[in-house]
Amino acid sequence: MEYLVGSLSAMIMLKLTENFGVEASFQVFLSALVAALTVGGKAFTKEIAKRNPTKIVFFVSKIISKFEIHKNKK
């Protein structure tokens, strides 16, 4: 996931530079901000998962069960 966020961030920085002539220092700032939000978000959601594993598994299993393919019994 981190690779995806980093790649998207780099693509956005490229487009900003091409279209608006954004300075390199601003690019570095935005890249650092994206990295900090990614790491912080991961830590935050990991803490939630550690506190509520049963609720999360139950919730996800309910969603997955909606997409379950029921085979016809013969």
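Modeller: A salt bridge here is a side-chain nitrogen of Lys or Arg within 4 Å of a carboxyl oxygen of Asp or Glu. Keep that rule in mind. The model is predicted.

Colleague: How many salt bridges does the rule give?

Modeller: The count comes to 2.

Colleague: What makes Arg51 and Glu47 a salt bridge?

Modeller: Their closest N and O atoms are 3.6 Å apart. The cut-off is 4 Å. So the pair qualifies as a salt bridge.

Colleague: And what is the distance between the closest N and O atoms of Glu47 and Lys50?

Modeller: It is 4.0 Å. The rule says within 4 Å, and Glu47 with Lys50 is counted as a salt bridge.

Colleague: Which residues are linked in a network of salt bridges?

Modeller: Glu47, Lys50 and Arg51 are. Glu47 pairs with Lys50, and Arg51 pairs with Glu47.

Colleague: Is Glu47 buried, partly exposed or exposed?

Modeller: Its relative accessible area is 33%. Buried means under 20% and exposed means over 50%. Glu47 falls in between, so it is partly exposed.

Colleague: Why are Lys50 and Arg51 called exposed?

Modeller: Lys50 has 60% relative accessibility. Arg51 has 64%. The cut-off is over 50%, so Lys50 counts as exposed and so does Arg51.

Colleague: Why does Phe44 count as exposed?

Modeller: Phe44 stands at 57% relative accessibility. That is over 50%, so Phe44 counts as exposed. Phe44 is found in helix 2.

Colleague: Which residues form the nonpolar patch on the surface?

Modeller: Phe44, Ile48, Ile56, Phe59, Val60, Ile63, Ile64 and Phe67 form it. Together they have about 810 Å² of accessible area. Helix 2 (24-51) and helix 3 (53-66) each give two or more residues to the patch. Helix 3 gives the most, with 5 residues.

Colleague: How do you know that the span of helix 3 agrees with its 14 residues?

Modeller: At 1.5 Å a residue, helix 3 should span 20 Å. Its end C-alpha atoms are 20 Å apart, so the two values agree.

Colleague: What makes helix 3 hardly covered?

Modeller: The count of buried residues among its 14 residues is 0. In the protein chain, 5% of the 74 residues count as buried. The chain exposes about 7,000 Å², and carbon and sulfur atoms supply 70% of that.

Colleague: Which elements make up the chain?

Modeller: There are 3 helices and 0 strands. From the N terminus on, the order is α-α-α.

Colleague: Which element has the lowest mean pLDDT, and which the highest?

Modeller: Helix 1 (residues 2-20) has the lowest, at 79. Helix 3 has the highest, at 92. The mean for the chain is 83, and 88% of its residues reach 70 or more. Where pLDDT is low, the predicted coordinates should not be read in detail.

Note on methods. Residues numbered from 1 in each chain as written. Predicted model: local features only at pLDDT ≥ 70, side-chain atom pairs only at ≥ 80, totals over all residues. Heavy atoms only, no water. Patch = residues over 30% accessible without salt bridge, like charges linked within 9 Å, V, L, I, M, F, W, Y side chains within 5 Å. Areas by Shrake-Rupley, 256 points an atom, 1.4 Å probe, with all protein chains shown as cover. Helix = DSSP H or I, 4+ residues; strand = E, 2+ residues; numbered from the N terminus. Buried < 20%, exposed > 50% of the residue type's maximum accessible area, 1.4 Å probe, protein only. Expected span 1.5 Å × (residues − 1). pLDDT = per-residue confidence, 0-100.
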